[in-house]
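Subject: Structure handover

Hello,

Here is the structure I promised to pass on.

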Amino acid sequence: GRPKLLLYRRLEINSWKNSRNSINSNPMILPKSLQKSTKMSYSKMLQFLFVLLFSISWASAAHRSHEDFVQCLLHHSENPSAFSKLIFTQNNSSYSSVLDFYIQNSRFFAPNVPKPKVIITPNIEPQIQTALFCSKKHGLQMRIRSGGHDFEGSSFISDAPFFVLDMFNFRSISVDVKSRTAWVGAGATLGETYYNIYAANSSLAFPAGYWPTVCIGGHISGGGYGPLTRQFGLAADNVIDARVIDVNGRILNRKSMGEDLFWAIRGGVGANFAIILGYKLKLAEVPDKVTTFSINRTLEQNATQLVHKWQYVTTELPLNLIVSLQFASIDSNQTGKRTIQVTFMSVFRGKVDELLSIMNQQFPELGLKKEDCKEMLWIQYFPYHVGQPIGNIKEFLTSRIPPAKPYFKAKADFVKKPIPIKGLEEIWKQLNEVPPLIGQMEWTPYGGGVMDTIPESAIPFPHRGNLFIMFEVVYWNATNQEVVSKERINWLRVLHKIIGKYVPSKPRAAYADYRDLDLGVNNKEKTSVEKARIWGAPYFKNNFDRLVKVKTEVDPYDFFKNEQSIPTFH
């Protein structure tokens, strides 16, 4: 069968030790190694004592800071008893389970990855406002987490002392069938959103991504693409209102926040500007049943020529048909040698006979047959696409626990012109450089539909007029993790460099939902606009300057910050 491509979406971050080397005895007594040194000068002893006392003072101050922060939360709460049950410090027995539950990449379970001093899991808006106030008062940096799929862990990791505002309790979903809209909380998953829409009316859907545990708050913030993108656009293109809490603690909707901020939070990474509470979504109409197919082809079965032809065909297909590609290196059943397997994965919002007619006319080389096709409910396509059983659809869509939490690193590219045969063969060669199924790709069509007609400046996501988006990923396991991770990440960078020959540069495009710190990071203190442009232009192209302008207006002192947060002009 085909490889089960794990569509988890981000870390090569500058990490620091979570704990300092401590002296276990009386801190005022020098270690024996120094006591024995008769040559140690008096000035050096004083220098050592100064550093030691400073370290003790720093650790004590940091401890007091987060304790004062927690006291501030409770002091300014209308119901301290209820709020205290939603606050987890590192001494709390549930701290690790709360932190780890929404970490989706096992890279970030490493003991040297910085941990938050406090985790807050609010369930009402005033608790968020209180957290905002106390964060400013006590200088504890805020990181905002919805589903934890940030590819670089920036929603729950920081070099500075910080706390995590975990939004998973903000997951209410209200569907209005008559107006074909839905209000969805930032902490609701795509799967929960899809299932609730389906339960309200099986002919309605929302144009967003494939993986069910990704949360709405982060997904829409960077764009959000999936099987409906060619016809209806991105998830962010289909947001018609939002509720946020700004840096001053005000709860705002589209009207009160203004069009500039509303523009910025749809594709410009919402956590750069405000705390996203929820979005109002415009829903699309879909048939109850669809036709799908999943066909594997190897190099020995003409896969190279088929992929080359696919690049020309995909933009010409009807908008209710999408054929995406999944790639992995495998051991060939025919030759026993390594080969590339390409899975042609499709969903057609129509009947099987019509699908066969279209494919045999426009892509006869694939050789699609009726027995390759399956009819299923639209809602069942999501588990089918990621290689999961389609029987218990409610369990698959509403479970917040992913099937696995692999170690991985990923990147993205946008392709405007077909990659020649020579380029494809270079890519195949690199895929074969790692063990089977370790390096994978998925190519998802973008072109030939509404994505070509929406202006680049309509929302911060600028990548219009492309043939397809590439998702490039490498996996590894826990065995010898530190050494293997460096090898695998280096392999991915080489693959990315090879692909770079065949995609536009200046800047080479990147996808904000697939955060990649290889592009560059901000300074720990003030970052200039021009330095941030190094990573900002690949994500946002010419929209970067407008994002900086909005940031300067709504968050002039850069409260909402991370390794790749939008800077201010001053």
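A polar contact is a pair of N or O atoms within 3.5 Å; within protein, one of the two must be able to donate a hydrogen and the other to accept it. That cut-off is needed for D372, where a polar atom of the side chain lies 2.8 Å from the backbone nitrogen of K369. Please keep in mind that this is a predicted model.

To stay with D372: this residue sits in the loop between α12 (352-362) and β15 (373-377). Is D372 buried or exposed, or something in between? Its relative accessibility is 27%, so D372 counts as partly exposed. Setting aside neighbours within four places in sequence, D372 is in contact with T292, F293, S294, I295 and G367. V352 is 20 residues from D372 in sequence, and the two C-alpha atoms are 10.0 Å apart in space.

Next, the cysteines. How many disulfides does a search of the whole structure find? The search finds 1. A disulfide is a covalent bond between the sulfur atoms of two cysteines. Here C72 is joined to C134, with an S to S distance of 2.1 Å. The two cysteines belong to distant parts of the chain: C72 is in helix α2 (residues 42-75) and C134 is in helix α5 (residues 125-138), 62 residues apart. The disulfide is left-handed, because the torsion about the S-S bond of C72 and C134 is about -80°.

Both partners can also be described by their accessibility. C72 has a relative accessible area of 5% and is therefore buried. C134 counts as buried too, at 0% relative accessibility. C215 is buried, with a relative accessible area of 3%. C373 is also buried, and its relative accessible area is 13%.

The last item is K115, found in the loop between α4 (95-101) and β2 (118-120). For V113, the distance from the backbone oxygen to a polar atom of the K115 side chain is 2.9 Å.

Regards

Terms used
Residues numbered from 1 in each chain as written. Predicted model: local features only at pLDDT ≥ 70, side-chain atom pairs only at ≥ 80, totals over all residues. Heavy atoms only, no water. Disulfide = S-S within 2.5 Å. Helix = DSSP H or I, 4+ residues; strand = E, 2+ residues; numbered from the N terminus. Buried < 20%, exposed > 50% of the residue type's maximum accessible area, 1.4 Å probe, protein only. Contact = heavy atoms within 4.5 Å.
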